[in-house]
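Dear colleague,

Please find below the sequence and structure that I am handing over to you. I would be grateful if you would read the notes after them with the model open.

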Amino acid sequence: MPAPKTSDLSALRGLIMDMDGVLWEGESPLPGMPDFFRFLRERKIRFVLATNNASLTIASYIQKLARMGVTAAPEEILTSATATAEHLRAAAGPGKRAYVIGEEGLIRAVESAGLRVAGPDALDADYVICGMDRDLNWNKLACATINLNRGARFIGTNGDVTFPTERGIAHGNGAILAALTAASGIRPKIIGKPYPAIMQMAVARLGLPKARIAAVGDRLETDILGAKNAGLKSILVLTGITSRKTLRKSGIRPTWVTDDLPAIQAVWTGTGK
Ligand SMILES: [Mg+2]
């Protein structure tokens with residue numbers, strides 16, 4: 001798997017960056033992270049931070065970045081919740097009713113798209129929108145299934161089937177989508193990586209040709225496959241979920257592989273190996 005060369009990176013004008021496992025691990029910034037952003041600003045390299053996590057708001061990401069010494073603007077951050085909202089703004093007329101399985105980040109995003117969020121027992125929704133919900137219960141699944149069977153459109157923020165927790169690997173939103181599909185026979189439109197919708201929105205925000213953009217991520221089946229599906233180059237960093245061993249065994253190939261953000265910066269500036 002090739003490491004990037006200085007000429008590869010100096011051709012880039014924008015990055016679409018994953019956050020967990022790339023910028024930080026939990027509440028701890030990964031080494032060299034604030035420096036990397038200073039470098040991007042100095043070089044006027046644009047970025048969009050794009051995550052499949054739908055539970056946090058843009059404001060909470062801005063606060064988290066600020067705690068780590070990085071200033072970012074709202075338009076530089078895209079979550080699968082805000083990408084879902086952007087999709088709904090274009091696809092659904094205002095005033096449509098949405099039955100939402102999800103947390104505050106998703107509920108606020110759906111409201112901001114002009115939809116009305118239906119109550120917990122509503123059975124007359126135009127859309128069922130499903131993202132990670134740590135208060136998920138039997139009634140929500142039942143109402144979502146009934147709404148789907150009655151003809152509601154089915155949207156999933158992201159299809160990740162697993163979700164890492166401090167206690168171990170738990171089920172992700174993709175597992176809940178699969179349960180709703182099993183019950184209703186209806187498949188969702190999924191917005192997050194590796195589906196192209198979120199990547200295409202990030203490309204549009206960067207306003208650059210695809211050849212000038214690379215996606216940076218730590219997960220092969222979302223970040224790297226998502227880049228490939230959207231026709232973008234990709235840089236795998238090894239600070240998150242993927243090790244060299246899992247990379248060797250995978251059929252998903254990034255364009256380039258580097259250890260971490262400082263390694264990217266060193267190659268980009270021509271001071272690396
Ligand atoms: Mg990640």
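The model is predicted: local features need pLDDT of at least 70, side-chain atom pairs count only at pLDDT 80 or more, and totals for chains, interfaces and linings use all residues. Residues are numbered from 1 along each chain as its sequence is written.

Helices (H or I, at least four residues) and strands (E, at least two) are DSSP runs, numbered from the N terminus. Two strands are taken to pair if DSSP finds at least two bridges between them. A residue counts as buried if 20 or more other C-beta atoms lie within 10 Å of its own, as exposed if 12 or fewer do, and as partly exposed in between, with C-beta atoms placed from the backbone.

**The sheet of 6 strands**

This open sheet has parallel pairing and the strand order β5-β4-β1-β13-β14-β15. Its edges are β5 (77–79) and β15 (256–258); each has a single partner strand, so one side of each is left without a neighbour in the sheet. From one strand to the next, the twist averages 20°. Angles here run from 0 to 180 degrees between N-to-C directions, and axes are lines fitted to C-alpha atoms, for helices over the stretch in contact.

Strands β1 (residues 14–17) and β13 (residues 213–217) run parallel and are joined by 4 bridges. Opposite G14 stands I213 in β13. Helix α8 (residues 196–206) lies across β1, β4 (46–51), β5 and β13, and runs at about 160° to β4. Contact between two residues requires their C-beta atoms, placed from the backbone, to lie within 7 Å.

Strand β6 (residues 97–101) is mostly covered, with 4 of its 5 residues buried. It is joined to strand β7 (residues 116–117) by 2 bridges, and the two run parallel. R97 has R116 as its bridge partner in β7. Between β6 and β7 the chain passes through helix α5 (residues 104–112), and this β-α-β crossover is right-handed; that is, with the strands pointing away from the viewer, the path from the first strand over the helix to the second runs clockwise.

On β8, β6 has a parallel partner held by 4 bridges, and Y99 has V128 as its bridge partner there. β8 and β9 also pair in the parallel sense, over 4 bridges, with Y127 opposite R153 in β9.

Helix α7 (residues 173–184) has 12 residues and reaches 17 Å from its first C-alpha to its last, close to the 16 Å expected at 1.5 Å a residue. The expected span is 1.5 Å times one less than the number of residues. The buried residues of α7 are N173, G174, I176, L177 and L180. Seen down the axis of α7, they fall within an arc of 160°, so they line one face of the helix; the arc is that of the directions from the helix axis to the C-beta atoms. Their cover includes β8 (127–130), α6 (138–149) and β9 (153–156). Just after α7, G185 takes a positive phi of about 75°.

Helix α4 (residues 80–91) also has 12 residues, and its end C-alpha atoms are 16 Å apart, in agreement with the 16 Å that it should span. Buried residues of α4 include S80, T84, E86 and L88.

**Loops**

Most residues other than glycine have a negative phi, and most peptide bonds are trans. K44, although not a glycine, has a positive phi of about 55°. K44 is found in the loop between α2 (33–42) and β4, and is exposed, with 7 other C-beta atoms within 10 Å. The peptide bond from K193 to P194 is cis, with omega near 10°; P194 is found in the loop between β12 (189–190) and α8.

Finally, A211 lies in the loop between α8 and β13. A211 is exposed, with 12 other C-beta atoms within 10 Å. Its C-alpha atom is separated by 14 Å from that of W256, which is 45 residues away along the chain.

With kind regards
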